[in-house]
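Subject: Structure handover

Dear colleague,

My notes on it follow.

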Amino acid sequence: MCKYEARTEPVLRELCLLGDGWEPPEGYEAGLGAEGVTLRREPAESEPKAETEADSAADEYEAETKGNERSGTVPSTGRESCLFLTWDAALCRRLREEGRAVLLAAKEEGLETLPWDIPQVVTEPFSLTVGELEQLFRRQKGLPLVIAETERLLIRETVSEDLEALRKIYREEQKNPYIFSLFGGRMGVEGLADYRRAQYEFYGFGMWSLCLRQNGEVIGRLGFSCGAEPELLELGYLLASRYRRRGYAKEAAARLLSLAKEQSWGSRVQVRTGTDNTASRRLAAALGFTLREESGGTCIYERSLG
């Protein structure tokens, strides 16, 4: 089985401002440096500087001797660990085509004239925290965001390496009418890519992979989808049969409900399950949901996030 390995990921270590017109506030560079990110400036008319042999040697030495305290992973060397900022839409597009992580900055009054094919535009780049910059960097690199962690579990965005395990889990529930098909029936890499763009990047939440912290094994999937009303979320959860009755679903769902409140994703959450699904109904009650409606073999549980 192909398993996702996070140790090979590049880590944000450099923020590069391309061109003129940047006015970072006092203390901004020092604040980045305190969290392991270097601020650099380069002319917009030139290519971003290539990695020199000295840079490479220094990076390799640092990786071998210090590692990376912020993420616990070994950082990659060179410009793979750089997030670029530019005012130039054409340059932004070209750098993205080259596989660089780059954000387009724009003034508020100029947003309507920007090209439609540049999805991530920032109007106040220096208001972004290092954590937010890291999330944007990971988005640009196509890397999954870690959503939450508990004592035993890790909840992160789904990647292609998860598909084999998820297909097996979904096949166990083929006859369950409350389990929707994986990515709308498009269970391959393309379906996942569309889902990541439409759900994770647009809404900020979705259905995520549930993994064991101990070894990274994918044991299920859970998360939120948009409900039928404004401010309404639907909580869904599915675990591989061999990992049920161990409290994993409750542990993960409780953390996600707290996160949904923190992030203001909605004001209410519902759970839909079958009237004969005793385990799911017990879980909903244990998570603070109350039965709102029961008809046609379906139970709808609801709770507030207030």
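Strands β8 (residues 207–212) and β9 are joined by 5 bridges and run antiparallel. Helices (H or I, at least four residues) and strands (E, at least two) are DSSP runs numbered from the N terminus, and two strands pair if DSSP finds at least two bridges between them. Met 207 has Gly 223 in β9 as its bridge partner. The hairpin of β8 and β9 has 5 residues between the strands, and Gly 216 takes a positive phi near 80° there.

This is a predicted model: local features need pLDDT of at least 70, side-chain atom pairs count only at pLDDT 80 or more, and totals for chains, interfaces and linings use all residues. Residues are numbered from 1 along each chain as its sequence is written, and side-chain values use heavy atoms, with hydrogens and water left out.

Strand β9 (residues 218–226) is mostly covered, with 7 of its 9 residues buried; buried means under 20% relative accessible area, exposed over 50%, and partly exposed in between (1.4 Å probe, protein chains only). β9 also runs antiparallel to strand β10 (residues 232–239), with 7 bridges between them. There Cys 226 is opposite Leu 233 of β10. The hairpin of β9 and β10 has 5 residues between the strands, and Glu 231 takes a positive phi near 70°.

Glu 294 is opposite Cys 299 in β13. The hairpin of β12 and β13 has 2 residues between the strands, and Gly 296 in the turn has a positive phi of about 60°.

The largest nonpolar core has 46 residues, and Ile 155, Trp 208, Phe 224, Leu 235 and Phe 289 have the most contacts inside it. Such a core is a set of buried Ala, Val, Leu, Ile, Met, Phe, Trp, Tyr and Cys residues joined through side-chain atoms within 4.5 Å. Helix α7 gives the largest share of this core, 8 residues. Apart from this core lies another, of 20 residues, including Leu 15 and Phe 126.

What does Leu 235 touch, leaving aside its neighbours within four places in sequence? Its contacts (heavy atoms within 4.5 Å) include Phe 224, Ala 253, Val 271 and Phe 289.

Helix α7 (residues 248–263) has 16 residues and reaches 22 Å from first C-alpha to last, close to the 22 Å expected at 1.5 Å a residue; the expected span is 1.5 Å times one less than the number of residues. Among the buried residues of α7 are Tyr 248, Glu 251 and Leu 256. Just after α7, Ser 264 takes a positive phi of about 55°.

There is also an open sheet of 5 strands, in the order β2-β1-β3-β4-β5, with parallel pairing. Its edge strands are β2 (38–42) and β5 (121–122), each pairing on one side only. Strand β4 (residues 101–105) runs parallel to β5, joined by 2 bridges, and Ala 105 has Val 122 in β5 as its bridge partner. Helix α4 (residues 130–141) packs on the sheet, touching β1, β3 and β4, and its direction makes about 115° with that of β4. Axes are lines fitted to C-alpha atoms, for helices over the stretch in contact, and angles run from 0 to 180 degrees between N-to-C directions. Helix α3 (residues 89–97) lies across β1 (14–18), β3 (82–86) and β4, at about 165° to β4.

Overall, the protein has 8 helices and 13 strands, and 46% of its 306 residues are buried.

Regards
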